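Here are my notes after a pass through this one, in the order I would look at things on screen. Have the viewer open while you read.

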Amino acid sequence: MAVYETIGQRAWESIAKADRVLVVTHIAPDGDAIGSLLALGQMLRQLGKTDVTLSCDDGVPDKLAFLPGATAVVTSVSDSFDLVIVVDCSDEGRGGRVFRAAVGGRPLVINIDHHITNTGFGDVNIVQPDTAATTEILFLLAAAWGVTLDKDTAQCLLTGLVTDTLCFRTANATAGVMSIATDLMQAGADLSYITSRTVNRRSYDAICYWGTLLQSIDLDDGVVSVCASANDHPVNGDASVVSLLITAKEADMAVSFVETENGQVEVSLRAKPGFDVAQIAYKLRGGGHSAAAGCTVDGSLDEVVDQVLAMMKKARRGQSRA
Ligand code: AMP
Ligand code: MN
Ligand code: MN
């Protein structure tokens, strides 16, 4: 796409000058975060960058450890860098301790992301909210930079597309996205293996935890919700019951509330096409996309549930199904 020729050239001007490059992705990383991190690392090496560090505060979760190159990801950095490239990260806070430490040395920052709520915190911002995943942006940049994708890079890029679109089930799984997925499969990416390791895989404990959460299910005013207190022992990793809730045909929006041990509540939001939960998350200092967003809110479970449900119902009244 022509627009990526221009965007890619501008980004390359900054990358070409840099010797020491750090690539960072967001805390609590998902498939798009780790897929983008590993794919961009490989692309930079193919472009002749020999000093590239890949990092994420929380490391690579077990369910993404199958991705080629995953063992190279570090969880802290002590060196200084000329250039920091942040991928799939809507704001500086989501870059975690690694990003905070790295910007202390005043590197140039390139921000590559697809969240509508991205704050534009980079010196160079490549923010494309019309893309389904950050790996879609990287695929288009690879073409603009003349990088030939090897099998491992294709596997990482396709993983981002698969996990952020729930295996091509979201409204942003366009013909363009399917065409990129086909190109990645032709380059050697294994769609069936990726789905078997990501969207089609979770722990037994995570499924049992869905059972705990579903005991609290409620549907009111087009919003379906569940909540769990810290005593319900939240299961880390894929406990994303909210993507199940939004399939309720009666619901326009869905939300899960999970209280943490330190007096906060993790809020995951989903919306049907035509409805927008990104702006709700953004007002609560989180972020995301119109159809999927999240935030962590200070307060007791009851307070946060009341506050967020009121915001969702108010927003829903001004919106309608697409
Ligand atoms: P989740 O509900 O965790 O699957 O997240 C849905 C979307 O919201 C993803 O694009 C996340 O990157 C984004 N998101 C989740 N939590 C936060 C947060 N605390 N701050 C900013 N974005 C978030
Ligand atoms: Mn992500
Ligand atoms: Mn993403």
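1. One convention before the strands: two strands count as paired if DSSP finds at least two bridges between them. By that rule strand E7 (residues 223–228) and strand E8 (residues 253–259) pair, in the parallel sense and over 6 bridges. Within this pairing, Cys227 sits opposite Phe257 of E8. Bear in mind throughout that this is a predicted model.

2. Now the sheet those two belong to. It is an open one with 6 strands, ordered E6-E7-E8-E9-E11-E10, and its pairing is mixed. Its edges are strand E6 (218–220) and strand E10 (287–288), each of which pairs on one side only. Helix H8 (residues 204–214) packs on this sheet, where it touches E7 and E8, and its direction makes about 110 degrees with that of E7. Helix H11 (residues 301–317) lies across E6, E7, E8, strand E9 (264–271) and strand E11 (292–298). Relative to E8, H11 runs at about 165 degrees.

3. On to the other sheet. Here 5 strands form an open sheet in the order E2-E1-E3-E4-E5, and the pairing is parallel. E2 and strand E5 (124–127) are the edge strands, pairing on one side only. Neighbouring strands in this sheet are turned against each other by 15 degrees on average, direction ignored.

4. Of its 6 residues, 5 are buried, so E1 is mostly covered. E1 runs parallel to strand E2 (residues 51–55), joined to it by 5 bridges, and Arg20 has Asp51 as its bridge partner in E2. E1 also pairs with E3, again in the parallel sense and over 5 bridges; there, Leu22 stands opposite Val84.

5. Which helices lie across E1? H2 does, along with E2, E3 and strand E4 (108–113), and runs at about 165 degrees to E1. H3 lies across E1, E2, E3 and E4 too, at about 150 degrees to E1.

6. The manganese ion (ligand 3) is coordinated by Asp32 (OD), Asp88 (OD), His114 (NE2) and Asp164 (OD), at 2.1 to 2.3 Å. The donor spacing in sequence is D-x55-D-x25-H-x49-D. Asp32 in helix H2 and Asp164 in helix H5 (residues 151–164) are 132 residues apart, so this pair also links distant parts of the chain. Asp32 counts as buried, at 0% relative accessibility. Asp164, at 22%, counts as partly exposed, because the buried class stops at under 20%.

7. What ties the two sites together? Asp88 coordinates both manganese ions, ligand 2 and ligand 3, which are 3.7 Å apart.

8. Last, ligand 1. There are 14 residues around it, and His115, Ser268, Arg270, Gly287 and Ala293 come nearest. An oxygen atom of ligand 1 is 2.9 Å from an N or O atom in the Arg270 side chain. For the side chain of His289, the corresponding distance from an oxygen atom of the ligand is 3.2 Å.

9. With a relative accessible area of 19%, Ser243 is buried.

How values were computed:
Residues are numbered from 1 along each chain as its sequence is written. Chains are lettered from A and ligands numbered from 1 in the order in which they are written. This is a predicted model: local features need pLDDT of at least 70, side-chain atom pairs count only at pLDDT 80 or more; totals for chains, interfaces and linings use all residues. Side-chain values use heavy atoms; hydrogens and water are left out. Helices (H or I, at least four residues) and strands (E, at least two) are DSSP runs, numbered from the N terminus. Contact means heavy atoms within 4.5 Å. Axes are lines fitted to C-alpha atoms, for helices over the stretch in contact, and angles run from 0 to 180 degrees between N-to-C directions. Donors are N, O and S atoms within 2.8 Å of the metal (3.2 Å for Na, K and Ca); water is not among the atoms, so sites may look incomplete. A residue is near a molecule or strand if one of its heavy atoms lies within 4 Å of it. A polar contact is a pair of N or O atoms within 3.5 Å; within protein, one must be able to donate a hydrogen and the other to accept it, and residues adjacent in sequence count only if both atoms are side-chain atoms. Buried means under 20% relative accessible area, exposed over 50%, partly exposed in between (1.4 Å probe, protein chains only).
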